[in-house]
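Here are my notes on the model. Please read them with the structure open.

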Amino acid sequence: MNQSEREAAKRRAGESAADVVEDGTVVGLGSGSTAAHAIRALGREVDAGLDVEGVPTSFQAREIAIDEGIPLTTLDEADVDVAIDGADQFADADLVKGGGGAHAREKIVDAAADRLLVVADPTKEVDVLDHPVPLEVLPDARATVADAVRRLGGQPELRRADRKSGPVVSDNGNLVLDCDFGAMPDPSGLAADLSALPGVVEHGLFVGFADEVHVGTETDVTVFEP
Ligand code: 5RP
């Protein structure tokens, strides 16, 4: 699958999930390029009269939603009916997320939603998760968390910015360690170990989160419930 085919697959997945959103609901708005297609498609539906409110999972999602004219609300004011979010990798209902460093807010919103619709292109699907797991860490905990990750068998790497010297800083003002554990046959066990580390704000393992997965293909979309 080349880059333009992949982009078209992401668009189909995003539009397919946006189609499922019902009138009068509150929608969690995910982050990343595939979720962005869903937010834009929702924006078009709002233009056509759909009555929804969005809860953004990141600065990026909020910006696109404002641009698209989607009314916004917060978790303080509303219950989320359905969230639409991307993934860096998925195996059945288990996900690795955080490619955009937004996984802390994504996890809060996705977990709060009655249903999570995952949108992805086919390159994200695997039998066993093996994508590096992003950890959002408090800046003071960077070295201690990195040591603990090594003890758990992972290779931590500080995520560095492209157009700024130094590290990526998350929407919450924290650092991101991308931690390569190789194949992860027991994502629940690893998720519990990572959650227990002092200074880890959130990790990118979303175990059992997906209620429905929309996978765009070169010509179509496959939808399944894991
Ligand atoms: C951001 C995420 C994204 O959903 C994930 O990185 C997938 O992004 P894309 O749809 O651009 O491939 O978790 O934190």
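How far from K124 is the nearest side chain of opposite charge? The first point takes this up.

1. **K124.** The nearest side chain of opposite charge, D121, is 4.1 Å away. K124 is buried yet has no salt bridge. Buried means under 20% relative accessible area, exposed over 50%, partly exposed in between, with a 1.4 Å probe and protein chains only. A salt bridge needs a side-chain nitrogen of Lys or Arg within 4 Å of a carboxyl oxygen of Asp or Glu. Lys and Arg count as positive, Asp and Glu as negative; His and the chain ends are not counted.

2. **Basis.** This is a predicted model: local features need pLDDT of at least 70, side-chain atom pairs count only at pLDDT 80 or more, and totals for chains, interfaces and linings use all residues. Residues are numbered from 1 along each chain as its sequence is written, and side-chain values use heavy atoms, with hydrogens and water left out.

3. **Surroundings of K124.** K124 lies in the loop between β6 and β7 (133–137). Helices (H or I, at least four residues) and strands (E, at least two) are DSSP runs, numbered from the N terminus. The K124 side chain reaches the backbone oxygen of A87 at 2.8 Å. Not counting residues up to four places away in sequence, K124 touches R6, T34, A87, D88, Q89 and F90. Contact means heavy atoms within 4.5 Å.

4. **Helix α1.** Residues 3–20 form α1, 18 residues in all. The helix reaches 26 Å from first C-alpha to last, close to the 26 Å expected at 1.5 Å a residue. That expected span is 1.5 Å times one less than the number of residues. Buried residues of α1 include K10 and S16. Their cover includes α2 (33–47), β3 (82–85) and β6 (115–120).

5. **V176.** V176 sits in strand β9 (residues 175–180). Its relative accessibility is 0%, so V176 counts as buried. P134 is 42 residues apart from V176 in sequence, but 6.3 Å apart in space, C-alpha to C-alpha. Beyond four places in sequence, V176 contacts include G101, P134 and L135.

6. **Cores.** The largest nonpolar core has 23 residues. Such a core is a set of buried Ala, Val, Leu, Ile, Met, Phe, Trp, Tyr and Cys residues joined through side-chain atoms within 4.5 Å. Its largest share, four residues, comes from α5. A second, separate core of 22 residues includes V21, V46, A61 and I84.

Key. Polar contact = N/O pair within 3.5 Å; in protein donor to acceptor, adjacent residues only side chain to side chain.
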